[in-house]
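Thanks for coming, everyone. I have one structure to walk through today. Please look at the screen.

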Amino acid sequence: MELLPKQPSAKGPAELFTGDVYFDVIAKGEAPSRMRVNVVRFAPCARTAWHTHAVGQTLHVTEGVGLVQARGGEIVEMRPGDTVYTPPGEWHWHGAAPDHFMSHLAMWEAPEDDRPETEWGEHVTDDEYGAR
């Protein structure tokens, strides 16, 4: 057993996020593990860019009100206790509602081959975000 030191919170980079987003790495999947877990905190209106995960992603909301959308699908509201799964290769975004902060656990695995874990696309526009 090993008690791991707490790492500093990191600000989500502007090329991947709109608004103020901070994350704390909980598990970074040191080999042989491929599991990644982050706590991600979004300010109101903050959100990810469109992205997809090679092996899928699970989100579990812990606080606030959030939004998630798969490309071509409806925007879904998420609340504490809600868990959302996006399958491998599904383009999606997630973030906070306009008038609430939101925190979630983001859980995903690295692929067994050399593919990137995450592929990032364009930013979610204000029109896309407000389309609900």
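Predicted model: local features only at pLDDT ≥ 70, side-chain atom pairs only at ≥ 80, totals over all residues.

**A walk around the pockets and strands**

Strand 4 contributes the most to the lining of the largest pocket, with 4 residues.

The pocket holds about 330 Å³ of space. Its lining has 20 residues, and the closest to the centre are F17, F23, N38, W108 and W120. What classes do the lining residues fall into? There are 11 nonpolar, 7 polar and 2 charged residues. How do we look for such spaces in general? Rolling a probe the size of a water molecule over the atoms shows where empty space is left.

Now the second largest pocket. Its volume is about 270 Å³. Which residues line this one? Among them are E2, L4, P5, K6 and Q7.

What is the order of the strands?

Strand 3 covers residues 21-27, and strand 4 covers residues 35-42. They run antiparallel, joined by 6 bridges. Find D24 on your screen. Its bridge partner in strand 4 is V39. One more general point while we are here. In a regular strand the side chains alternate between the two faces of the sheet.

Let's move to strand 8. Strand 8 has antiparallel pairing with strand 9 (residues 76-78), over 3 bridges. Within that pairing, V68 has V76 in strand 9 as its bridge partner. Strand 8 and strand 9 form a hairpin, with 5 residues between them. G72 sits in the turn and has a positive phi of about 85°.

Strand 8 also pairs with strand 11 (residues 92-96). That pairing is antiparallel too, over 5 bridges. Q69 stands opposite W93 in strand 11.

While we are on phi angles, turn to C45. C45 is not a glycine, yet its phi is positive, about 75°. Where does C45 lie? It is in the loop between strand 4 and strand 5 (47-48). C45 is partly exposed, with a relative accessible area of 32%.

Last topic: salt bridges. How many does the structure hold? It holds 9 salt bridges.

Pair one is K11 with D20. The closest N and O atoms are 2.8 Å apart. K11 is partly exposed at 42% relative accessible area. D20 is partly exposed as well, at 44%.

Pair two is R34 with E109. Here the closest N and O atoms are 3.6 Å apart. R34 lies in the loop between strand 3 and strand 4, and E109 lies in strand 12, so the pair ties together parts that are 75 residues apart in sequence. Are the two residues buried or partly exposed? R34 has 28% relative accessibility and counts as partly exposed. E109 has 35% and also counts as partly exposed.

R115 is partly exposed, at 45% relative accessibility. D113 is partly exposed too, with a relative accessible area of 41%.

Finally, the network. Salt bridges with shared partners join K6, D24 and R41 into one network. D24 is the residue whose bridge partner in strand 4 is V39.

That's my tour. Over to you.

Technical notes. Residues numbered from 1 in each chain as written. Heavy atoms only, no water. Pairing = 2+ DSSP bridges. Helix = DSSP H or I, 4+ residues; strand = E, 2+ residues; numbered from the N terminus. 1 Å grid on protein atoms, 1.4 Å probe; cavity = no way out; pocket = protein on both sides within 12 Å on 5 of 7 lines; lining within 4 Å. Points joined across faces, edges and corners; volume = space filled by probe spheres on them. Nonpolar A, V, L, I, M, F, W, Y, C, P; charged D, E, K, R; others polar. Salt bridge = Lys/Arg side-chain N within 4 Å of Asp/Glu carboxyl O. Buried < 20%, exposed > 50% of the residue type's maximum accessible area, 1.4 Å probe, protein only.
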